Amino acid sequence: MPPAVPIATYRLQLNAAFRFEDAAAVVPYLKSLGISHVYVSPFMKARQGSSHGYDVVDHTTFNPELGGDIGFERFSAALKANDLGLILDFVPNHMGVHGADNAWWLDVLEWGPKSPFASSFDIDWDMLPHRTKPRLLLPILGASYGEALNRGEIELCFDPQAGSFYARYYENRLPIAPERYGDLLRMIVAHAEENTSDTGRGLLSLAAAFGGKKHPERRQVQLLKQQLAEIPGAAKLIARGLEAFRATAGMPQVLALHHVLERQHYRLSHWRLASSEINFRRFFDINGLAGLRVEDRPTFNRVHTLVRRLIAEDKIQGLRIDHIDGLLDPTQYLQRIRRLIADAQAPRPRPFYLVVEKIVGHHETLQPFAAADGTTGYEWLNTITQTLVEPHGLKALDDIWRQASNSAPAFAPVLAAAKRRVLETMLASEFTVLTRLLARIAAGHYTTRDYSEDSLRQALTLYVIHFPVYRTYITAKGPSAADRALIRATIRKAQADWFNADAGVFDFLHDALTLDLLQPGRAPHSRSRVRRFAFKMQQFTPPLIAKALEDTAFYRYPRLLALNEVGGDPAASSLPILDFHHRLIARSQQWPHGMTATATHDTKRGEDARMRIIALAELSGEWTAAVGRWKLFNARFVTDVGPHRSPSIVDEYMLYQALVGAMPLEGPDQDFVARFQAYAQKAVREAKLQTSWLNPNADYERGLKTFIDNILDPRRAAEYLDSFMAFLKRVALIGALNSLSQLTLKATLPGVPDFYQGAEFWDLSLVDPDNRRPVDFGSRRAAFAAPPADLAAATRNWSSGQIKLLWTRHLLTLRQQYPDLFARGEYIPHSVDGPGAEHVVAFTRRFRKQALTIMALRFFSPLTQGGTRWLEPGTLNATVTIDPIGRVGVSQLIRHVPATIMTSEALRQIVRPGRMASLI
């Protein structure tokens, strides 16, 4: 039976190219590696062809593209046979919509607000301007509505088996409202000139039945559709009659189709209109992912039907809750999940592992989600990175960034500008909804009605620009002390930027956000509107900061790309070792079982690419000189795009860093060039400066692609590539040592180490979708099954990645041998003294009589002759003080890898003169 707290998790990305059967095949290898729990991407039915599974269209069934029920049962059996647990990445926040495969969404399109699934989606039915009835905006058209209509891209159709009408726009199925069937059938019969035929009379009779009620009952409509499907000759007659709506036939037909579409529960529009008028909550700015209201109890129950069954059958032992900050009330949701788990397991409760995907800001304290075991670990990824980056060189990199950007190295203005861009474009519609709701609250009482919508919008804009984290967690009971303090501090910062009259608007905003407007004795305001505003605001700030920070500012501020990571701060400094220890002591006491990740499907680059890039801080002077030379070498490949250049100076600097992280040591091949060009296009579109996803600049992107083609071509850029590859070899060696230290820390710190698929070899991948490429598990199994090489031999061929695989297996073997120590043990930091002390991170994990002392090195340039030789620990004269054993010389303990793990007994033997113990 798998342990209650995972020893280590391994993430697998499922899709049509890697199905349940493929996952089952690698289970024995993962067991041998030392993994206790396989952690898989969503496996509920998703949009056809989905590469990731997050666009779920049916939470109640397995994805048939993964192998369906049978495939899952075989995968589950393989896990049971190897005594491994299963953790599911579960998506409660949104569903894939549009297309023709989400039954809930199609029902909402057909029945509007009266659909039993209307309450499952977060739709503001009354928001659309110029409305004649509540409607849902569908931004699915590739051109304007008029163009799509005139070109005949929207077609009225009939499904003869179901007896139902629908409009079709490419792969999108758009049901026709049942109350419109009567008029539709009459027009069809008239156009087909079949009024007197038996079939025509039958259809007209049904038309009268359909049109008999303005709001027909579902059961009645189902019966009438069945009758429609059974009328002899109906399909052929209707096919002829539908020519009356065939837009390619002429203007009368276009108008006829338009009039039908205008009487539906939805309004078709160009996809660009979503940024200003969409009236359903999306996942971030993705039109094809609609937000779910899992706070609605029937929706919660439906969404978790399959999960509940799998828990009851003991086929999953953990959940990773995707995007917890997108939910209206995360605390309530997690409490419901724990109750669901308990009910499903009754009467024999079992341990169940529950973590949340929560981005903890750089200076944020994790909220007390009492029902969760912790987060998926982005904050520890950044903690490790900041601890390993060399501080003096990082400061030197500020100078080259200042030159490249022609601005001060401050990050706050970059983030503020990015937030403004997102507010004005991607999330303008959602922000308008919030502003209008706040204005309606203000208008509800004479004491606040003079706050105009424009003033409120400006005040709210300043507030969200200064809001520093992903969200608050206010419930109906009001804010916690921490959330109240955060709101108050943000209001003060917003007020400092306010130059308009009537600063009292911020008092009103504060009281609305904190629910203080509803306190007894206050001027009465609509309780439902105030609560809706405060709660919806909490759902708005996560996508705002995610799109502005991770998907905009990160790509505008390449000071050191390794710091531009999910949950990170691009302007961060190196983390002092005392701060590192304080964070880990707190974690061991508060969140000892959360995940520790160094790579995920959402990270901006592979874990070892990041470790290469932080090595630039150790070679900052040479890096500065090298970039200067490379810019001269490659100046002839830069193209003029109007008054600008492609790539821009900032983008060129970003490209060199990204190449340092991702370039194979063998040099670029055509596959790498194509991958890197795809990355570069994504990076510059995300930056939204020279080009963007909404408005691509083809000339700039063409110049960028050509630049990359040229600089990665040995025939055209030989001098540059020779210089780059010589520098890269040194950076890669230091990066490899950084990676082994990172791996050691991940596996030994408080928390559960999470391994991303394939990362047991060097992981130099770029941002998604590059990091979701198929993994060659065959080569990994073969390497693992081969006679074990010793570490000394592996260091001589370190570039192959064999040394990382060996060290991973070694660390996981230790976790298997000492499960209680790593799951429940104390974290005891050690002081390091003497020359080279800054190179050493040292601590002990202790549980009862068990103790392991861990040391990991950092800042490797002096220990490798500037990256020209493998580790030479003998140059270290630092000592570590370990109570009650005494002082131990670091150089005595470090051999082939930049880390060591020793038992207390082994350390005592070393301290005794003339004795040397074997290192673990």
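1. The angle at which α15 (residues 391-405) packs on α24 is about 20 degrees, and their axes are 9 Å apart; axes are lines fitted to C-alpha atoms, for helices over the stretch in contact, with angles running from 0 to 180 degrees between N-to-C directions. Helices here are DSSP runs of H or I with at least four residues, strands are runs of E with at least two, and both are numbered from the N terminus.

2. Before going further, please note that this is a predicted model, in which local features need pLDDT of at least 70 and side-chain atom pairs count only at pLDDT 80 or more, whereas totals for chains, interfaces and linings use all residues. Residues are numbered from 1 along each chain as its sequence is written, and side-chain values use heavy atoms, with hydrogens and water left out.

3. Where α15 meets α24, the contact (heavy atoms within 4.5 Å) brings Gly-393, Ala-396, Leu-397 and Ile-400 of α15 to Ser-620, Trp-623, Thr-624 and Val-627 of α24. By class, five of these residues are nonpolar, three are polar and none is charged, where Ala, Val, Leu, Ile, Met, Phe, Trp, Tyr, Cys and Pro count as nonpolar, Asp, Glu, Lys and Arg as charged, and the others, Gly among them, as polar.

4. Trp-623 also forms an aromatic pair with Tyr-653, which is tilted, at 5.9 Å centre to centre and with 45 degrees between the planes. Since Trp-623 belongs to α24 (residues 620-634) and Tyr-653 to α25 (residues 649-662), the pair ties together parts that are 30 residues apart in sequence. The rule pairs rings of Phe, Tyr and Trp (its six-membered ring) if their centres lie within 6.5 Å, and calls planes under 30 degrees apart stacked, over 60 edge-to-face and the rest tilted; by this rule there are 39 aromatic pairs.

5. Helices α6 (residues 198-210) and α7 (residues 218-230) cross at roughly 170 degrees, and their axes come within 11 Å, which makes α6 roughly antiparallel to α7. On the α6 side the contact includes Leu-203 and Phe-210, and on the α7 side it includes Val-221 and Lys-225. Its residues divide into seven nonpolar, two polar and one charged.

6. Helices α23 (residues 607-614) and α28 (residues 718-748) pack at about 120 degrees with their axes 7 Å apart, and are therefore oblique to each other. Among the residues in this contact are Glu-607, Asp-608 and Met-611 of α23 and Val-731, Gly-735 and Lys-746 of α28. The contact holds five nonpolar, four polar and five charged residues.

7. Finally, three strands form an open sheet in the order β22-β25-β26, with antiparallel pairing; two strands pair if DSSP finds at least two bridges between them. The edge strands, each pairing on one side only, are β22 (832-833) and β26 (886-889). Two bridges join β22 to β25, with Val-832 opposite Val-880, while β25 (residues 879-882) and β26 pair over four bridges. Within the latter pairing, Thr-881 stands opposite Arg-887 and Ile-882 has Gly-886 as its bridge partner, and a hairpin of three residues joins β25 to β26.

Terms used. Parallel < 35°, antiparallel > 145°, perpendicular 65-115°, else oblique.
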